[in-house]
Amino acid sequence: MKANYKKYKWTLILACIVSICPIIVGLILWNQLPDRIATHFGSGGEANGWSSKAFTVFGIPGIMTAVELILFFATTNDPKKRNIDEKLMRLILWIIPVLSLIVNFSCYAIALGKKVDIGMITNVCVGIVFIIMGNYMHRIKQNYTVGIKLPWTLNSEENWNRTHRMASWLFVLCGILFIINGAVLQTEWMVGAAILMAVVPGLYSFILYKKGI
């Protein structure tokens, strides 16, 4: 079956335009931006990594756009792409562009001396993404691109469905905790929560497999 490129052609084009929009803004601000721009931050929101102005303005949006195209290619060429519904596909296509805007504009603002709570922004954005993913997780059918792709979930449709139903609640819960952490606490313990969110569904899927599911 041919990949269904045409159906999402204009969505992809618009998403890529949004992803590279920070380049235009960066060029407008070029003379105001310093030669080195903070692009990586520690758990306390303190800058601990810097990039050149050229890489920040051109490289980061370019990488984001490349990731978008790779994701689109992989999804539309999934042997089970019929199981990826239209709403989920459009969600997949819009996550990267939105992140591109947030990441780049935050870096520009900090470089220009604006007070930006990068810890809050990061936690809230991650939380929103997890909540959105959690709301879709239980509806994802078996495929090779999106979801919890393990030997046991791909081997059994029932295992896939049960694992994703459980993960759906877990993702939403962790998303809410991330938002609370960003808005109020801003502690480092959410890193552990994110690790658990990745590990628990896998363990649950393996337990189901051992039970013959």
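Mentor: Helix α4 has 20 residues, and from its first C-alpha to its last it reaches 28 Å, close to the 28 Å expected at 1.5 Å a residue (1.5 Å times one less than the number of residues). Helices here are DSSP runs (H or I, at least four residues), numbered from the N terminus. The model is predicted: local features need pLDDT of at least 70 and side-chain atom pairs 80 or more, while totals for chains, interfaces and linings use all residues. Residues are numbered from 1 along each chain as its sequence is written, and side-chain values use heavy atoms, without hydrogens or water.

Among the buried residues of α4 are Ile 118, Asn 123, Cys 125, Phe 130 and Tyr 136 (buried is under 20% relative accessible area, exposed over 50%, partly exposed in between; 1.4 Å probe, protein chains only).

The structure holds zero disulfides (pairs of cysteine sulfur atoms within 2.5 Å).

A pocket is an open set of points on a 1 Å grid over the protein atoms alone, where a 1.4 Å probe fits, with protein on both sides within 12 Å along at least five of seven lines; lining residues have an atom within 4 Å of a point. Of the 19 lining residues, Ile 92, Ile 95, Met 133, Val 146 and Gly 147 are the closest to the centre of this pocket.

How values were computed. Helix = DSSP H or I, 4+ residues; strand = E, 2+ residues; numbered from the N terminus.
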